[in-house]
Amino acid sequence: MATTHSKSQPPAKRWRLIGPGLVVAVTGVGAGDLVATMVAGSRYGYTLLWAAVVGCLIKVALAEATGRWHLATGRTVFDGWRTMGRWTTWYFGIYIVVWGFVYGATAMSASGLPLVALFPDGPSLRFWGALAGVLGLLCVWFNRYAVVEKIMMVFAGLMFVVVVGLAVRVGPHLGALGGGLWPTLPDGSVVYTLGLIGGVGGTITLAAYGYWVTAKGWRGPAWLPMMRLDNRIAYLTTGVFVIAMLVVGAELLHSMDIALTSGDRGLLDLGAVLEERFGATTANFFLFGFFAASFSSVIGVWHGVSLLFTDFVVRTRPDRAGRVALEGDRERSLPFRAYLLWLTFPPMGLLFLDQPIGLVITYGVLGAFFMPFLALTLLWLLNTGQVPLRWRNGRVSNLALAGSGVLFLILCVQQIRDLPW
């Protein structure tokens with residue numbers, strides 16, 4: 001893979017190299033996560049703040065485990081999955097194809113929504129969504145990781161300024177904010193709390209973290225401290241971001257008894273509330289942040305999951321991967337670009353049609369199983385002899401991965417039950 005920093009030892013000023021963690025964190029926080037967090041604030045005030053914090057800690061553990069596997073073993077996470085049996089290859093192969101098709105349409109639609117609101121007399125949602133997909137394709141097709149990381153940094157900064165600025169504008173209640181750190185479960189909030197813990201920032205892109213670490217040029221155990229610093233700072237930033245969204249929900253929506261539409265469109269409802277209370281400038285500023293959250297997920301997924309797919313092809317069908325992929329230049333390889341096209345153009349058909357119910361169910365079932373699959377397979381792999389003894393799981397890592405695996409299994413059952421069978 002192309003690298004941005006290939007020295008064998010990290011430099012003294014490590015903070016200058018921070019990047020892959022922010023890429024995975026920003027990619028994982030999409031428009032739906034913003035709505036979920038704000039709805040938590042609108043329903044329960046600051047009571048579930050602790051759940052959002054726990055959710056960020058779980059993502060730290062999962063991303064750290066992925067990065068540690070790559071650096072300690074010199075092998076990819078998919079290579080590790082293959083040692084567990086052929087079932088992992090079959091599951092992942094079906095999952096990544098179906099997931100990419102449906103997610104492509106979902107991400108493009110989410111990116112188009114704020115643009116339709118910003119330009120109400122302009123083109124339709126279908127046009128803006130398709131344009132977002134094509135722009136994401138071009139951005140990743142013609143650039144390597146170093147440029148993608150810089151673009152994601154810009155979006156991360158924009159999201160942070162918009163959301164934290166909005167939280168300051170509505171005015172958090174500091175006493176209630178501190179009280180929300182004490183674990184409490186209001187009546188009827190158990191399932192919702194589990195969803196908040198498991199949902200924010202948790203997608204297939206957590207598995208892509210190790211590939212971004214490699215693309216950054218970090219190789220070998222010497223880079224483990226740098227990876228951990230990168231990961232912690234990224235999810236600390238995400239934690240501040242999530243708390244800010246909860247503040248907006250608690251102060252702006254809970255106090256006014258306003259309910260948001262579920263899904264990405266709930267952010268349009270918030271835009272209308274902001275315009276009524278603070279004026280059009282604040283509302284438009286928020287819509288730009290909405291677009292940054294949605295489009296950053298497009299770029300992150302287009303790049304990171306394409307790397308995952310390329311590794312899948314290289315490991316399972318090296319005769320089809322092509323010379324470029326086998327020589328290590330994954331970002332210019334045939335499988336990488338083929339998956340980019342798969343994410344972009346076939347899903348555009350779903351922008352013009354309601355998603356077929358069978359596809360929605362298949363996507364929901366496969367997607368529900370991925371996070372427990374990731375957590376539990378990492379728990380297994382990082383306790384085996386494939387990892388040098390020094391870098392295997394300790395008690396804290398085992399507890400975090402086992403706990404998150406159980407949590408995601410519960411959420412998996414709940415998500416499958418809620419599907420429109």
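Okay, let's start with two tyrosines, Y91 and Y95. They sit four residues apart in helix α5, so about one helical turn separates them. This is a predicted model, by the way, so keep that in mind as we go. Are these two buried or exposed? Y91 is buried, and Y95 is buried as well.

Now look at their rings. The ring centres of Y91 and Y95 are 5.8 Å apart and the planes are at 15°, so we call this pair stacked. For a pair to count as stacked, the planes have to be under 30 degrees apart. And how many aromatic pairs does the structure hold? There are 22 of them.

Let's stay with α5, which covers residues 86-118. Find helix α16, residues 334-344, on your screen. The axes of these two helices come within 7 Å and cross at roughly 50°. That angle is why we describe α5 as oblique to α16. Which residues make the contact? On the α5 side you have I96, V97, W99, G100, F101, G104 and M108. On the α16 side, look for Y339, W342, L343 and T344. If you sort those residues by type, you get eight nonpolar, three polar and no charged.

While we're on α16, click on L340, which is found in that helix. Its relative accessibility is 0%, so L340 counts as buried. What does L340 touch, once you leave aside neighbours within four places in sequence? The list is L137, V140, W141, W302 and S306. Take V140 from that list: L340 and V140 are 200 residues apart in sequence, yet their C-alpha atoms are 8.3 Å apart in space.

That brings us to the chain as a whole. Of the 421 residues in the chain, 56% are buried.

Next stop, E64. You'll find E64 in helix α3, residues 49-73. E64 has a relative accessible area of 10%, which is why it counts as buried; the cut-off for buried is under 20%. Leaving out residues up to four places away in sequence, E64 touches M227, R228, N231 and S397.

Let's follow one of those, N231, which lies in helix α11, residues 224-254. N231 is buried too, with a relative accessible area of 1%. Going beyond four places in sequence, N231 is in contact with V60, A63, E64 and Y209.

Last thing, confidence. The average pLDDT over the chain is 86, and 88% of the residues score at least 70. Which element has the lowest mean pLDDT, and which the highest? Helix α9, residues 190-199, is lowest with a mean of 72, and our friend α16 is highest with 97.

Definitions and conventions: Residues are numbered from 1 along each chain as its sequence is written. This is a predicted model: local features need pLDDT of at least 70, side-chain atom pairs count only at pLDDT 80 or more; totals for chains, interfaces and linings use all residues. Side-chain values use heavy atoms; hydrogens and water are left out. Axes are lines fitted to C-alpha atoms, for helices over the stretch in contact, and angles run from 0 to 180 degrees between N-to-C directions. Angles under 35 degrees count as roughly parallel, over 145 as roughly antiparallel, 65 to 115 as roughly perpendicular and the rest as oblique. Contact means heavy atoms within 4.5 Å. Ala, Val, Leu, Ile, Met, Phe, Trp, Tyr, Cys and Pro count as nonpolar, Asp, Glu, Lys and Arg as charged, and the others, Gly among them, as polar. Rings of Phe, Tyr and Trp (its six-membered ring) pair if their centres lie within 6.5 Å; planes under 30 degrees apart count as stacked, over 60 as edge-to-face and the rest as tilted. Buried means under 20% relative accessible area, exposed over 50%, partly exposed in between (1.4 Å probe, protein chains only). pLDDT is the predictor's confidence in each residue, from 0 to 100.
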